[in-house]
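Hi everyone, thanks for coming. Please take a moment with the picture, and then I'll walk you through it.

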Amino acid sequence: MPRRNRPQRAAHSDRRDPGATAGWARAEAASDGDWLVRTVPGAQAVKVYRCPGCDHEIRPGTPHVVAWPADETGSVADRRHWHRGCWEARARRGPTRRR
């Protein structure tokens, strides 16, 4: 009898980013400063946000990241929602035009 290979989706998704489901923030250091970054899974994204990297909307249901400065001056008002690709490419891109 042939063997059946069944995908283990739940185990794989938890291994990729454990903070995505728990709401943890990870620290990232880059040339533009130190940041706290949290992954927002698509199931938890319920509002429309505007990405500062590309100036396009992040629609409900779209997975993305939330980033804010890691120093003492960063507050809830400083949080920004980014597309994952825009966040990772922010050092290579110039500033976007605000409409």
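Strands here (E, at least two residues) and helices (H or I, at least four residues) are DSSP runs, numbered from the N terminus. Before I go on: this is a predicted model, where local features need pLDDT of at least 70 and side-chain atom pairs count only at pLDDT 80 or more, while totals for chains, interfaces and linings use all residues. Residues are numbered from 1 along each chain as its sequence is written, and side-chain values use heavy atoms, with hydrogens and water left out.

Back to our residue. Is Val40 buried or exposed? Val40 is buried, with a relative accessible area of 6%; buried means under 20%, exposed over 50%, and partly exposed in between, using a 1.4 Å probe and protein chains only. Setting aside neighbours within four places in sequence, Val40 is in contact (heavy atoms within 4.5 Å) with Ala45, Pro63, His64 and Val66. One of these, His64, stands opposite Val40 in strand 5.

How many strands form it, and in what order? There are 4 strands in an open sheet, ordered 1-2-5-6, with antiparallel pairing. Two strands pair if DSSP finds at least two bridges between them. At the edges are strand 1 (26-30) and strand 6 (80-82), each pairing on one side only. On average, neighbouring strands of this sheet are turned by 35° against each other, direction ignored; the axes are lines fitted to C-alpha atoms, for helices over the stretch in contact, and angles run from 0 to 180 degrees between N-to-C directions.

Let's cross the sheet. Strands 1 and 2 are joined by 5 bridges, and a hairpin links them through 2 residues. Within that pair, Arg26 has Val37 in strand 2 as its bridge partner. Next, 6 bridges join strand 2 to strand 5. Finally, strand 5 (residues 64-69) is joined to strand 6 by 3 bridges, with Arg80 in strand 6 as the bridge partner of Ala67.

Now for the tryptophans. From Val40 to Trp82 is 42 residues in sequence and 10.0 Å in space, C-alpha to C-alpha. Rings of Phe, Tyr and Trp (its six-membered ring) pair if their centres lie within 6.5 Å; planes under 30 degrees apart count as stacked, over 60 as edge-to-face and the rest as tilted. By this rule there are 2 aromatic pairs. The rings of Trp35 and Trp87 have centres 5.6 Å apart and planes at 90°, so this pair is edge-to-face. Trp35 lies in strand 2 (residues 33-40) and Trp87 in helix 3 (residues 84-88), so the pair ties together parts 52 residues apart in sequence. For Trp82 and Trp87, the ring centres are 5.3 Å apart and the planes at 70°, so that pair is edge-to-face too. Trp35, Trp82 and Trp87 form one aromatic cluster. Trp82 counts as buried at 13% relative accessibility, and Trp87 is buried at 3%.

And how confident is the prediction? The mean pLDDT of the chain is 80, and 73% of its residues reach 70 or more; pLDDT is the predictor's confidence in each residue, from 0 to 100. Over residues 11-21, though, pLDDT stays under 50.
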